[in-house]
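Good morning. Please look at the structure first.

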Amino acid sequence: MRSLCKVLIVDDEMLVRQGIKHLLDWEQAGYSIVGEASNGLEALELVEELQPHIVITDIVMPIMDGEKLVRLVKERYPAIEVIVLSSFSEFDYVRSTFQNGVADYILKPKLEAEYLLSILHKTAAKIEGLGAPVKEERSEETQIVQAIDKMLSGYEAEITTEIICRRFPYPEFLLLGVNLNPVKDKLEKRQIEKIVNQYLHDLRSESEQTEYMKLESVPGTLLYLLNASDPWTDRIEQLIQNLSRIPQQHEQIESLHFIISDRFEDFCQLGNVYTKQYERLKRYSFYLPTYPVLEADHLPALPARAPEIDMAELIEGLKRKQFQKSFSSFLEHIHEKSLDYETDVFEFKSLLGNFIFNVTNTLSKLKFETEPLEKKKYDYFRQIDQAVYARDAIQFIENFIQEAESITRETDTSTNPSFYRLLNYIQEHYAEPITLTEVAKKFHFNASYLSSYFSANNNEGFSEYVNKVRVEKAKEMLVATEESISEISDRVGYSDQSYFTKVFKKMTGVSPSQYRKEQVQENQNI
């Protein structure tokens, strides 16, 4: 029997791609969907790799549209036939694709099973050596794969209990997966897959009542369905330990998170478990960068829900030129919000983008020179949108705030009374066990913000400045008093004499005792 006619689907809307995939029983009709892409550039790469007979493509897409894709496919692979999807408003584009050799077009409102099949048959008949598609009896493995594909896409699947039980004979299931999209190197992806496959192979070898299947339904994701009999808790715990070590073995991969769902007993619950639990855990990784394995039963405790920030109040603060208070308040809010891993990622990123927009707009209305911010604004939007973790997105906001502060000229301590008070406080309390966190609370700053704010305003970090003040006071005491090094160390805020000596030598080039000796000799020579 001849091979199936291979089809590649290209559309920037995932729901449209899923709708096409589940519109037909493709194998029974004589076709096989070999891949899908969200834009023309992705599609070109897949065309080269998969060599489909037919490409079904949308017209309006980002990065590379369907019109250019048709032209390049027909130039490079003239034997491949292309069917264009369009709406009524895009018909002028469709007309231009016919000049490049498109086989046919389908208006999206007419995208129904019978009509699509008729277009496919007519197009396949043009392909030399392929002939009319021949229906193929589906194997049980194919039926399982198609049922899983439908369920993961949110559709109901029709499959008999007997077929399920022959492939998955044990009473419990769970999903195991990892998002490989952040891993750019193809060899690295294959290596990770090889390691996971070996772990699962070992798991099955250690117990006769364990089965697994790799699922190909989710692009960019290494996903498996595990099936076993109870008890298998110890085996899963061992698997988790093994998976946790993979990021350590691949240090260049910082954003690798394995997701393990709860166990479930009904195969037909697969779609529900994937959508409501697996994908939810995957989103949590944005806030939990140090968790290489995410499981519902092993998540950190959630903090109390932080109240929503009043953006209107923040803008009013900016209008009153209360820049430090406004920036610190916002940073404190987003740090708190990032601890709540149930926060919607899109909502979190939108909040950061909204902050940048409002700050830039408000400073412009206050007649500050905002051109540097305007130029970089969209870079910040893009960086936040592409951030893998909340901490990265917050870092971009901190960078933005530093630039905004430089525009408001708050780096000049002579015109910055709040910063002047901060320096005075350190001068007065240097002998106490002063810390960044305590000072931040005293001045109503977020600690992270205070650290960057202090460096921007004083050209040195908080700790460096505190040490400088203490060492200067110690130098005075070493010359003016006969107190021991230990007593002076304690009086200037160091409980550990050896640490005091280390800091003093680093800043002056000599030890405290040597400094005292040199100063005494100088005074005697005068």
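Two strands count as paired if DSSP finds at least two bridges between them. What you see is a predicted model, in which local features need pLDDT of at least 70 and side-chain atom pairs count only at pLDDT 80 or more, while totals for chains, interfaces and linings use all residues. Residues are numbered from 1 along each chain as its sequence is written, and side-chain values use heavy atoms, with hydrogens and water left out.

Overall, the protein chain has 23 helices and 10 strands. Its radius of gyration, taken over C-alpha atoms, is 32 Å, whereas a compact globule of 526 residues would come near 24 Å, by the rule of 2.2 Å times the number of residues to the power 0.38. Along the principal axes, the C-alpha atoms fill a box of roughly 110 × 60 × 45 Å.

Now one of the sheets. It is open, has five strands in the order S7-S8-S6-S9-S10, and its pairing is mixed. S7 (210-215) and S10 (293-295) are the edge strands, each with a single partner, so one side of each has no neighbour in the sheet. The twist averages 20° from one strand to the next; axes here are lines fitted to C-alpha atoms, for helices over the stretch in contact, and angles run from 0 to 180 degrees between N-to-C directions. S7 and S8 (residues 221-228) run antiparallel and are joined by six bridges. Tyr212 has Leu226 in S8 as its bridge partner. Helix H7 (residues 140-152) packs on this sheet, touching S7 and S8, at about 65° to S7; contact means heavy atoms within 4.5 Å. H11 also packs on the sheet, against S6, S8, S9 (258-260) and S10, and its direction makes about 40° with that of S6.

Next, the open sheet with the order S2-S1-S3-S4-S5, five strands with parallel pairing. At its edges are S2 (31-37) and S5 (104-107); each has a single partner strand, so one side is left without a neighbour. Four bridges join S1 (residues 5-10) to S3 (residues 54-58), and Ile9 stands opposite Ile56 in S3. Helix H1 (residues 14-21) touches S1, S2 and S4 (81-86), at about 175° to S2. Helix H3 (residues 40-50) lies across S1, S2 and S3, at about 140° to S2.

Last, the second largest pocket, with a volume of about 730 Å³. A pocket is an open set of points on a 1 Å grid over the protein atoms alone, where a 1.4 Å probe fits, with protein on both sides within 12 Å along at least five of seven lines; lining residues have an atom within 4 Å of a point. Points are joined across faces, edges and corners, and the volume is the space filled by probe spheres set on them. Of the 22 lining residues, Phe286, Val345, Lys349, Asp385 and Ala387 are the closest to the centre. Which helix gives the most to this lining? H14 does, with five residues. S6 (172-179), H11 (270-284), H14 (345-365) and H15 (371-386) each supply at least two.
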